[in-house]
Structures are given as C-alpha cells and as structure tokens.
Amino acid sequence: MTGTALAIHLRAVDWLILVIYFIFVLGIGFVLKKGVKTSADFFLAGRSIPAWVAGLAFMSANLGAQEVIGMAASGAKYGMITSHFYWVGAVPAMVFLGIFMMPFYYGSRARSVPEYLSLRFDEKTRAFNAISFSIMTVMSSGISMYAMGLLLQLLLGWSFDLSMLVCAGVILAYITFGGLTSAIYNEVLQFFFIVFGFAPLVFLGLRDVGWWPGLRAGLEHVAVLQGFAPGAFSESWRYLGSAAANPFGVEWFGMVMGLGFVLSFGYWCTDFLIVQRAMAADSMSAARRTPLIATFPKMLFPFLVIVPGMIAIALTRYPGSGFALPPKPDGTLNYDLVIPIMLGHYLPNGVLGLGMTALIASFMSGMAGNVTAFNTVWTNDIYQPYIRPGASDEHYLWMGRCATVVGVALSLLAAYLVSQFNNIMDVLQLVFAFVNAPLFATFLLGMFWRPANGHGAFVGLIAGTAAAALHHGLTLPAHSIPGIKGGWLGVLHHYPSEMAQNLWTAIFAWSTCFFCTILVSLATRASPARNLVGLAYAATPRLKDTAASWHQRPATLGVLALIAACLLNWLFW
Amino acid sequence: MSPLDIRWPLGSIFTLIGAILAVYGALSAWPIAASAAIDIVWGGVLMLFGASMLLLAHRAGAKPHG
C-alpha cells in the first residue's frame, strides 16, 4: 500500500458496512418515534436519558468531522501541543459545568440556555442569545455539510450534491421521527464508530513509525526542520515560555487564560448544543454527572485524533517512508486530509469501510447536533415567546418538526453559500469567537454574582462582542494581509500566529463583557425582586448528592477527572 | 421512558459488522495475509463488544421494542 494518492477505493464489504450504518440510524429514529408524544419528549428527550448515554452524547456532540479532521490537522501542524484543546481547554471547563453550573441549568427547569437567560435576566438578553445562536448553528451545520460533500467528492468520487442530499435526508428523517433522543442515540453510535474505526489506524501507524520512541525521533526531525528545539512537537508545556519557541505561537499565559479559561469555559459551559445533552438527563444527579463522565473519554481522544496527525507529519518528513501528505495549490501541506489519507494508507478493505463510516457518521452527527439545537431554540425561544405564545403543546411539537425541516433546508442553503464564498468559514469562526467568549462572563456573573441584572447582561454582551471586533480590527497575525484575518481598522499589533490572535481576542471580549456587566448592573436599578432560587448561587440551597454512592458523586468524579488530566499534562510535559 | 435501550442497537450493529469483517478477512486471503488478519482480529473485537452490549441490555430486562 503506497496510499499517497487521494482516491480511496471502497469494495463491496466497505459499502455494506456503510449501508448497515444508514439502516440502523434510520431504524433508531423509527423505533423512537412512538416515544415522542409531547414537546418535552421531542426537545428534551423527555428528560429520560441515563447519565452514561448523555455523557457519551455530550462528548460526541463536539465530535463533528470539523473537530476530528481539524484536530488531526492541528496534530500534524503543531504536534503534541494540540492536546491543550483537551487537557487544558476542555476537562476543567467540563468539571466546572458539572459541579457548579449544571444545578442552575437543570434546577431552573429551563428548556434551553436562552431560556435560562430569560429567567435570570430579561427578554432582551434571551432574544440576543437566541437569534445569534440560531444563525451560528445553521451556518455551522451548513459548513459541516459542505465539508462532507467536498471530502466525499475528493476521496470517493461521489457527487457533491447527491452526497449532501442523501445525508441531509437521513438526518431529517431520524430527527423528525425521534427528536433529541434520536440525535443522542446516534451520537453514542457515532462515538463507538470513531473509537473502533480510528483505533486500528493509530495502532498500525504507531507500529509503522516504531511506537512512541520512533514517533518522537521523527517529530524531532520535523521540529528542527521548522527551526524549533527538537522536543517542540512532542511536548506540550516545555516550550510555552515564549511564543517564538513553539509552533503554536502562543505563550503560557495566552494558552491558560485564552484557551483554558475564556474560550474553553465559553464553549463547554454556555453553548446550548453541548449543554442540551446534559439537560436531557433523567435526574439532577445524572445531569451533573453527564459532563463529568464525558471528561474521561474526552481526555483520551488526543490519542485517537491528534496522534494520527503527528504520525502523518513524521512520515511525510521522513525520507523513504512511502507516505506524504498532499500539497495545496499554494505549495503548503494539506493538513486537512490527514485522517482520510491515513485511513486509505493503513486500513485494509473491511476495516476501511468502518473508518470511512466513522468519518461520515461524525459529519452527520455534527449536523444533527446543530439541527436539534436549532429546532429547540427556534421553537422555545423565538416562536413561542415572540410569535405564537399560548398555543397548545401539540402545536409546539408540530412547530419543532417544521423547524427541523427548515433547519436542514437552511443548512443546505448555507452549504451552497459556503461553496460560493471562500471567506465565509473564516467569518463564522470569528463570529463564534465574538459571541461565545463574552457569553461566559454573562453566565459567570449571572450564576455567581447576585446583583447582576438584565441591563448589565445585555450591555455587557454587546460591549464584549464589540471589543472582540475592535481587537480583531486592530491586530494582525504574522504573514497575513489586512482584511478577514484582522487589521481592517489599522494594525496596532502583530501576533506570531492566528491562534495567538484568536486567544487574545477572546480574552479582550470576555474581560470587556465582565467589567461592563458589573458597571452597568451597579449603575442601574436591579430588576424588581426576582426570585433567584435555582438561578443564582447565593439564592439557592446547596445540593447534597447523598443518594448516589461515593464514586458516583459529582465531586468525586470531578476530582478524579482533574487528577487524570494533571497526570496526562505531566506525562507529556 | 424511551421505548428503546441504546444497548440493543449498539450490540446488534457491532456484532453484525464484526461478523462481516471476520468472515471477509477469513475468505479474502489464504494463507492469511496481514490485511486479512487485521479484519479477522478487529472483527473479533467488535463481536466481543457487541455481544457484551447485548448481554447487558438483556440483563437489564430491556426489550428492543418496548
């Protein structure tokens, strides 16, 4: 197997596995249809999902193909330092969500993150979040569809339009039938497909390069070629003393504050797409355990998705390895093709079908997660309060199904829009950073600072978003021209990398929202005696999870997760 | 209460795919080539996982079409 060609040749056995997967996905939706009788069944899975299922779905909701492809690409581009997205940029935030924030989300009985904002603050804050989240969700789903169509066309020679339409049709069917339960079940299925599809790839790749010592030696060669110290691609913390000493171009403060705090907590603790999985759990205890259970597979995923990227770059730079990542038209390596090229290179037909199905499953799951979040926020936070209040539960269930159809249609439209304009993906990434980073400050103050009020939250969110835009407009990453990458207002500062610029944009956005919310809340009258029980820390009795045995308690799981994450950071220091 | 225990579909699909891989690996080359060995071994692993899921679902008393 030389395998450096782009095309992957599937045989009947691979197709059979793919067809079986599609049949099961549709079958799950069909069987679950009989359990969907109310809007709560459709939007919140009837709050009946066991903790372990919700935990795996919580993790898988973030395992769209952009994550799988993107993390493998980062592994090839930056090396082991990419693990910070997991061990620093995910585990602590997931522990915080499970222990401190979930009691308010679940205890408030809100059906969504924007609804929590309405209960804690006011309607304008909810509307701002609901509208921005809906737009981002549809665009994100469209980008996932576009990326899938492009990849399948490139690798398998499938029709771009047909592959998008088939996958969109399958997603539409299983969500319309089974609602959130169907999406969650398919996310769990996808989780195991990724584990079983990628594990042989990692095993065969590591065996090929001479296990970990061989991979380290190969990466030393890569690092030296790029002008870094030999360990810069295989160690995660040692070269964070200065931005110039590591391929990420970020120093330890930007990493810890920007990624480990603002971006990570902003995403894991406030993004409804993620939080919705925990809100579907069958009890408060299960809801709190959901993100904590998810931390354990999450912290092992770098070995499944980042290590293949590291193997790919080591082999590419190793003379005579017979493997090379293909170049882009501009001559740089196409890191986005790490996973598909590695699948084609290492896996024989049969297991190859499993790997390709895992990849397609992750694309579809990424889209389905966005569509279920969209139909919930549209129906509960836009349609019900502002367009048709007071209708029957059957009507809202019907609207949820209609919103699913519209969500899938808009995603398809967004996919074609993305294919027309090269810069839309970059713009969306920016909008995510602009909207998510300040939102965490709003939640932090809303849950843990009683005087925070609706005016403060609303002004803080707008100011934080504006600060992000201003910072982006005045700074530019090295080797970039002013425009979509930044500097469109004039360049006051150059960052060594786009990553550094992103992290600092998030830090500015969060800080501005945090301080503006405090100032405006102090300057304006607090909303009239709101009942904050179940919404804010100071007004809510402490939860004592005595029903569960000691090893199932959130505090125990949280401490174990943090110890394990520290251990991994230390092992790959 | 959901009408379906997730362990039923998980167990069924991985047992089925594991069996397909193992049979395909066994039939595709003789004497067994390295690529066929991967299919056979991995098919066995999938079948083991699938069977464990089915067993757990069965012991939990859940029915596939409740």
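Which side chain of opposite charge is nearest to R120(A), and how many Å away is it? The views below take this up in a predicted model, where local features need pLDDT of at least 70, side-chain atom pairs count only at pLDDT 80 or more, and totals for chains, interfaces and linings use all residues. Residues are numbered from 1 along each chain as written, chains are lettered from A in the order written, and side-chain values use heavy atoms without hydrogens or water.

**View 1. R120(A), a buried arginine with no salt bridge.** R120(A) lies in helix 7 (residues 113-120) of chain A. Its nearest side chain of opposite charge is D122(A), 9.4 Å away. Buried means under 20% relative accessible area with a 1.4 Å probe, protein chains only. A salt bridge needs a Lys or Arg side-chain nitrogen within 4 Å of an Asp or Glu carboxyl oxygen. Backbone oxygens are at hand: that of A452(A) at 3.1 Å from the R120(A) side chain, and that of R450(A) at 3.2 Å from a polar atom of this side chain.

**View 2. R7(B) in helix 1 (residues 7-28) of chain B.** R7(B) is buried, at 18% relative accessible area. Beyond neighbours within four places in sequence, its contacts (heavy atoms within 4.5 Å) include W52(A), M53(B) and L54(B).

**View 3. Two arginines over the face of Y106(A).** R47(A) sits 4.4 Å from the ring centre. R109(A) sits 5.7 Å from the ring centre. The criterion is NZ of Lys or CZ of Arg within 6 Å of the ring centre and within 35 degrees of the ring normal.

Key
Helix = DSSP H or I, 4+ residues; strand = E, 2+ residues; numbered from the N terminus. Buried < 20%, exposed > 50% of the residue type's maximum accessible area, 1.4 Å probe, protein only. Lys, Arg positive; Asp, Glu negative; His and termini not counted. Polar contact = N/O pair within 3.5 Å; in protein donor to acceptor, adjacent residues only side chain to side chain.
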